[in-house]
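Subject: Handing over a structure

Hello,

I am passing a structure on to you, and I hope you enjoy looking through it. My notes follow below.

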Amino acid sequence: SLPGETPSDPSGAPPWLTQSVESIQAMELMAFDRDICQCLNCPLGSTRKNFVFGSGNPQAPVLFVGEAPGADEDEKGLPFVGKAGQLLTKIIESTKTWKREEVFICNVLKCRPPGNRTPLPEEVEQCRPYLEEQIRIIRPKLIMALGASAAQALLKTKDSVGKLRNKWHEFEGVPLRVTYHPAALLRFDGYKKDVWEDMKELTAKYQQIKEK
Ligand code: URA
């Protein structure tokens, strides 16, 4: 494939799809990606290498939402593939409930902010409708917001993670939990126990929902 082009799968599946292309959700997500992947609504469109739509299972029971692509994600066009991403995979799989490829993972921003700075409010405003539409298509049973950017964008609040943790919230009827971002965990491992407890709450709720 040409530089900047994603190698194409003979089945027509995009590289971010971990399950079959045949579900309604897969088809809708693929169409939505095609609609928005050339976005130039904010200045990040002209500095990105790759648009990072998200990755995983279009019929995921749980959606993990991070902040924005970093350098590794921008390079590969896939979310959470760098150091924080490897830790996120461990966190997900430590639950013994889901494999990474069974969930869906995306970010509030689909393009990398230069130098990995925190997204600006106007970038979040421009990009949030994309995340909201992804949630409407996937209809996950649960959402886990990773860090302040995701929590604040989805809950339309300025409260800190410390304040938002330890309770259930809702996004358009979907139960939502807030925990620390895996990158914060890499800087300060004192958050490890808290993240573990938040993941236990998430899986406990999932078992409850499944039994109904
Ligand atoms: N941090 C994020 O918030 N998202 C990524 O995709 C990678 C690192």
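Which residues does Ala-26 touch, not counting residues up to four places away in sequence? They are Leu-17, Ser-20, Val-21 and Pro-58, where a contact means heavy atoms within 4.5 Å.

Before going on, please note that this is a predicted model, in which local features need pLDDT of at least 70 and side-chain atom pairs count only at pLDDT 80 or more, while totals for chains, interfaces and linings use all residues. Residues are numbered from 1 along each chain as its sequence is written, and side-chain values use heavy atoms, with hydrogens and water left out.

Back to Ala-26: this residue lies in helix H1 (residues 24-36). Helices (H or I, at least four residues) and strands (E, at least two) are DSSP runs, numbered from the N terminus. Ala-26 has 0% relative accessibility and so counts as buried; buried means under 20% relative accessible area and exposed over 50%, with partly exposed in between (1.4 Å probe, protein chains only).

Next, helix H3 (83-94). Its buried residues are Ala-84, Gly-85, Leu-87, Leu-88, Ile-91 and Ile-92. Seen down the helix axis, they fall within an arc of 160°, so they line one face of H3; the arc is that of the directions from the axis to the C-beta atoms. On the other side of H3, Lys-83, Gln-86 and Lys-90 are exposed. Among the elements that cover the buried residues are strands E2 (62-66), E3 (104-107) and E4 (142-146). Just after H3, Lys-96 takes a positive phi of about 60°.

A pocket is an open set of points on a 1 Å grid over the protein atoms alone, with protein on both sides within 12 Å along at least five of seven lines; a cavity is a set where a 1.4 Å probe fits but cannot get out, and lining residues have an atom within 4 Å of a point. Grid points are joined across faces, edges and corners, and a volume is the space filled by probe spheres set on the points. Of its 24 lining residues, the closest to its centre are Glu-67, Ala-68, Ala-84, His-181 and Ala-183.

Finally, the structure holds one cavity of 30 Å³ or more. The largest cavity contains about 110 Å³ of space. Its lining has 14 residues, with Cys-39, Cys-42, Leu-44, Cys-111 and Cys-127 nearest the centre.

Best wishes
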